[in-house]
Amino acid sequence: MTERPKTLRPMGIELPTGSDPVSIRKRIEAMEHLLERSFTIPGTKYPVGFDSIIGLIPVVGDAIAAALAGYIVWEAKNLGLPRWKLWRMIGHVAFDSAVGAVPIAGDAFDLFYKSNSRNLRIVKKHLDKHHPHTMVIDQ
């Protein structure tokens, strides 16, 4: 009898707690979805997430958003991504945080520059090449 992997269920979303590539991929995808595409702007179909909302809080909001984005980079490090990819991911987070810190213009910028989605693409590309069994067909 095989043992079922342990999972967490915050807000009804099943998140695996393992350190295998499949579990890490699911956690990164869930964090990216939370930060970039949690809901849509009323009256439009444009997705936004907590990264844009948290960024509205002066100073502290951008620091919190950067820390949450750092979690994705940390998980990517656990996957064994090469250093140059990790630095590229850190660059996306740093650029988003620096420009996002500018009052008003930075908040508008946060709606369009989705560093976490860019970082997810880097991770997916790496996983699809080095761990093809983690591939999920997006619909």
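Predicted model: local features only at pLDDT ≥ 70, side-chain atom pairs only at ≥ 80, totals over all residues.
Residues are numbered from 1 along each chain as its sequence is written, and side-chain values use heavy atoms, with hydrogens and water left out. Local features need pLDDT of at least 70 and side-chain atom pairs count only at pLDDT 80 or more, while totals for chains, interfaces and linings use all residues.

**Overall fold**

The protein chain has 6 helices and 4 strands; helices (H or I, at least four residues) and strands (E, at least two) are DSSP runs, numbered from the N terminus. Their order from the N terminus is β-β-α-β-β-α-α-α-α-α. Of the 139 residues in the protein chain, 37% are buried. Buried means under 20% relative accessible area, exposed over 50%, and partly exposed in between, with a 1.4 Å probe and protein chains only. Among contacts with a separation of 6 or more, 51% involve residues 24 or more positions apart, a contact being heavy atoms within 4.5 Å.

**Aromatic pairs**

The whole structure contains 6 aromatic pairs. Rings of Phe, Tyr and Trp (its six-membered ring) pair if their centres lie within 6.5 Å; planes under 30 degrees apart count as stacked, over 60 as edge-to-face and the rest as tilted. Phe39 and Phe50 have ring centres 5.9 Å apart and planes at 80°, so this pair is edge-to-face. Because Phe39 lies in strand β3 (residues 39–40) and Phe50 in helix α2 (residues 50–54), the pair ties together parts that are 11 residues apart in sequence.

The rings of Tyr46 and Phe112 are tilted, because their planes meet at 50°, with centres 5.8 Å apart. This pair links distant parts of the chain, 66 residues apart: Tyr46 is in the loop between β3 and β4 (47–48), and Phe112 is in helix α5 (residues 105–112). Ring pairs also link Phe95, Phe109 and Tyr113 into a cluster.

The relative accessibility of the residues in the two pairs described individually is as follows.

| Residue | Relative accessibility | Class |
|---|---|---|
| Phe39 | 33% | partly exposed |
| Phe50 | 34% | partly exposed |
| Tyr46 | 28% | partly exposed |
| Phe112 | 61% | exposed |

In α5, Gly106, Asp107 and Asp110 are buried. Seen down the axis of α5, its buried residues fall within an arc of 105°, so they line one face of the helix; the arc is that of the directions from the helix axis to the C-beta atoms. These buried residues pack against α2, α3 (60–79) and α4.

Helix α4 (residues 83–100) contains Ala98, which is exposed at 51% relative accessibility. The C-alpha atoms of Ala98 and Asp62 are separated by 8.5 Å, and the two residues are 36 residues apart along the chain.

**The cavity**

The structure holds 1 cavity of 30 Å³ or more. On a 1 Å grid over the protein atoms alone, a cavity is a set of points where a 1.4 Å probe fits but cannot get out, and lining residues have an atom within 4 Å of a point. Grid points are joined across faces, edges and corners, and a volume is the space filled by probe spheres set on the points.

At least two lining residues come from each of α3, α4 and α6 (115–130), and α3 gives the most, with 4 residues. By class the lining has 4 nonpolar, 3 polar and 4 charged residues. Ala, Val, Leu, Ile, Met, Phe, Trp, Tyr, Cys and Pro count as nonpolar, Asp, Glu, Lys and Arg as charged, and the others, Gly among them, as polar.

Notes:
1 Å grid on protein atoms, 1.4 Å probe; cavity = no way out; pocket = protein on both sides within 12 Å on 5 of 7 lines; lining within 4 Å.
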